[in-house]
Amino acid sequence: MNFKKNDIVRLRNEYFDKIKSKLFFPQNIFFIDKFLDEGKSVRLRNVDINVPPSEICPVKIDGKEDRYIYYDPVIAADVVRPDEVVKCHHVDKNEYYLQKMKTCFDSKGRSYYDILNEEHFVYVHELQHSKPFISRDLRINYKLTPFIKPLPFKMKLETGAMVMTYRKYLDTQHEWDNFIKVYIEKEICQSKMVATSVCTEKTAYVLLFENDNHFDAKYAEFYINSSIGKLFLLNKTTNGKLEGNVTIANLRKLVIRWVNIYKECCVYLECLTQVIYVYEKRLGEKEPALTGLLSFLSQVRDAMVMEMIMPDLFKRANFSILKKWKQDTDAIMLDFYLAEDASDKQIELIGKLIKAIGSTNDGIANEMTKYRIYMLEFMRFAEQNKMDL
């Protein structure tokens, strides 16, 4: 068979049964990612194994072997007035791709379904080679439900805090003196914080926590600043990029999730990350180590939230960021949290933390090395299963 990169294929059943315990999904269907060693082995997307070409099989167009393929065409942007809410377009990943193509048409008014029927394709990769304008929007609906467990503790953000625009907050500022404030910026960017305890010129919204509730306010910052939090605040990602704008509607309906035993160390991590963020902005050029530390802590935050939501994915990969972070840093982080207003003490504790992070070969730094191997795949799984999380 003449396979190419991005072709949809399957594995011989015997070989799939042999390696499926190492996979993160139960379906025998894959995209070819690349060919290695001049075609002597094949790397499949989401599979960290080099596969012999003899184990690769074509996928029949029969409603059985190809039943997990769906069609996700690019939809032209809506025209939205300033006072209107942006419409959400959600693809039905459970809709069989050929069924979807009955509602998609070319410039002459012919349905893609009829166009494909005229060609009498037997295998999916034949369709892909002949019709690249269709092939680029084919996706695989991996069923990750077995790896996703509902967290015992979750709460809609607007249940625990008042959510309002920054402009409305300024108009009524005197009413909120006894509330803890979390400031939310409008723009979402992968490398920047969205939620902080200090307002900026980019602040667009404010979360107000009553009863001097510093702890839940800080956890909200931790969750919102994670990649998962940003993913849930966006209507849609483009090419896997976490970029776009926060809307007050998405902010209000955001569900905050946590595991009680780890909630405290998550709060400590967020306190540390925001302090490093301030120091890095002021001293980054003089102290380049701060930039590296900030990036590391941001990745730890992302991994911790992802592990709380999809624990079985981490168990299957045989590592835990939550356990190692708590084990390596608990004592130091408690001191850091208590020294929130003492900058000299904070700097001393940051030094201790850096030593603790790299002090053992089986500590958090080693676990994060493992996580980076799977990081992009875990995030892709989260994007694909956003509605189920």
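## Packing of α8 against α11

In this predicted model, helix α8 (residues 214–225) packs against helix α11 (residues 260–283) at an angle of about 75°, and their axes are 9 Å apart. That makes α8 roughly perpendicular to α11, a label that covers angles of 65 to 115 degrees. Axes are lines fitted to C-alpha atoms, for helices over the stretch in contact, and angles run from 0 to 180 degrees between N-to-C directions. Helices are DSSP runs (H or I, at least four residues), as are strands (E, at least two), numbered from the N terminus.

On the α8 side, the residues that meet α11 are Phe-215, Asp-216, Lys-218, Tyr-219, Glu-221, Phe-222 and Asn-225. Their partners in α11 include Lys-263, Glu-264, Val-267 and Glu-270. Contact means heavy atoms within 4.5 Å. The residues of this contact divide into seven nonpolar, two polar and six charged; Ala, Val, Leu, Ile, Met, Phe, Trp, Tyr, Cys and Pro count as nonpolar, Asp, Glu, Lys and Arg as charged, and the others, Gly among them, as polar.

## Salt bridges

The structure holds 11 salt bridges, each a side-chain nitrogen of Lys or Arg within 4 Å of a carboxyl oxygen of Asp or Glu. One of them joins Lys-218 and Glu-221, with the closest N and O atoms 3.1 Å apart. These two residues are three apart in α8, so about one helical turn separates them. Lys-218 is buried at 11% relative accessibility, and Glu-221 is buried at 2%. Buried means under 20% relative accessible area, exposed over 50%, and partly exposed in between (1.4 Å probe, protein chains only).

Arg-110 pairs with Asp-106 at 3.3 Å, N to O, and also with Glu-118 at 3.7 Å between the closest N and O atoms. Arg-110 is partly exposed at 37%, whereas Glu-118 is exposed at 51%. Elsewhere, a network of salt bridges links Arg-12, Glu-14 and Glu-55.

## Helix α3

Helix α3 (residues 112–119) has Tyr-112, Ile-115 and Leu-116 as its buried residues. Seen down the axis of α3, they fall within an arc of 95°, so they line one face of the helix. The arc is that of the directions from the helix axis to the C-beta atoms.

The cover over these buried residues includes β6 (69–71), α2 (97–100), α4 (124–130) and α5 (132–135). Just after α3, His-120 takes a positive phi of about 55°.

## Basis of the values

Residues are numbered from 1 along each chain as its sequence is written, and side-chain values use heavy atoms, without hydrogens and water. Because the model is predicted, local features need pLDDT of at least 70 and side-chain atom pairs count only at pLDDT 80 or more, while totals for chains, interfaces and linings use all residues.

How values were computed
Parallel < 35°, antiparallel > 145°, perpendicular 65-115°, else oblique.
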